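The following note sets out points for a colleague who is about to examine this model. Please read it alongside the coordinates.

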Amino acid sequence: MSGHSKWATTKRQKAVTDAKRGAVFTKIGNMIAIAARGGTDPAMNPSLAMAIEKAKSANMPAANIQRAIDRVADKSAAVLEEVVYEAYGPGGIGLIIETATDNRNRTFPEVRTALTKHGGTLAEPGSVAFQFARKGVIRVEIGENQDADELLLIALDATAEDAVQEENELIIYTDMKDLHHVRQEISAKGLKVVDAGLEYVASTPVEISDPDTAQKIMNLLEAVDDLDDVQAVHTNADLVI
């Protein structure tokens, strides 16, 4: 299993656990509030539509979703700022950490502390980001009676850039602007979308085969992802374990 897939799977498992305790609602609420800046009508704002879809999949109450959208017009609401941090981890891997915060003075030390405790360090802006490309990523479940090659052709016909099979999933890559369109097209063809969103995808993955280093990396990724202000953590680690 590749590191990309392993971390993606772990994130989804964490999301289920976090949803049960309500922790994920804060993160998704921030995601919705930021997306709603581009328009509060999901029919006209693909980013908001996808954020709402993610909220519903986490069983977020409709009232919470609407409250997050309404933050756009609430002059008394704290202003959320999107801040991206770059970092290095065990084995020389690179990380891109996306946050949404109303207080940089709180978020920065929290991210730095989580990194330091698990063998990571913050990096200068631009020193890690050049190793990644911003892409739309859609994960589709491959059913028992489905042929991965047929699903791949459906994805490519929907203008996806590429797709690869990882165990029982097809990972579909799109241009940023095409994510919503491709997702709609493949869903209309009956493909079961497990997850979809914009991600930083590593241009050249760093293979990590040492079990101890791989575990340290997973511990680091989970610790950073657990921070309330962190929206997503991306890595170029390819964990061969």
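1. Confidence. pLDDT is the predictor's confidence in each residue, on a scale from 0 to 100. The chain average is 89, and 90% of the residues score at least 70. Helices (H or I, at least four residues) and strands (E, at least two) are DSSP runs numbered from the N terminus.

2. Basis of the values. This is a predicted model, in which local features need pLDDT of at least 70 and side-chain atom pairs count only at pLDDT 80 or more, whereas totals for chains, interfaces and linings use all residues. Residues are numbered from 1 along each chain as its sequence is written, and side-chain values use heavy atoms, with hydrogens and water left out.

3. Four strands form an open sheet in the order 3-1-2-9, with antiparallel pairing (two strands pair if DSSP finds at least two bridges between them). Strand 3 and strand 9 each have a single partner strand, so one side of each lacks a neighbour in the sheet. Strand 1 and strand 2 are joined by 8 bridges, and Tyr-88 has Gly-94 in strand 2 as its bridge partner.

4. Helices on the sheet. Helix 5 packs on the sheet and touches strand 1, strand 2, strand 3 and strand 9 (contact means heavy atoms within 4.5 Å). Helix 8 lies across strand 2 and strand 9.

5. The largest nonpolar core. This core has 21 residues, of which Ile-97 and Val-224 touch the most other members. A nonpolar core is a set of buried Ala, Val, Leu, Ile, Met, Phe, Trp, Tyr and Cys residues joined through side-chain atoms within 4.5 Å; buried means under 20% relative accessible area (1.4 Å probe, protein chains only). Helix 8 gives the largest share of this core, 6 residues. A second, separate core of 18 residues includes Leu-151, Ala-163, Val-182 and Val-193.

6. Strand 6. In strand 6 (residues 169–174), 6 of the 6 residues are buried, so the strand is largely enclosed by the rest of the structure. Glu-169, Ile-171 and Tyr-173 lie on one side, and Leu-170, Ile-172 and Thr-174 on the other. Strand 6 pairs in the antiparallel sense with strand 4 (residues 132–141) over 6 bridges and with strand 5 (residues 162–166) over 5 bridges. In the hairpin of strand 5 and strand 6, Glu-167 takes a positive phi near 55°.

Key
Buried means under 20% relative accessible area, exposed over 50%, partly exposed in between (1.4 Å probe, protein chains only). Axes are lines fitted to C-alpha atoms, for helices over the stretch in contact, and angles run from 0 to 180 degrees between N-to-C directions.
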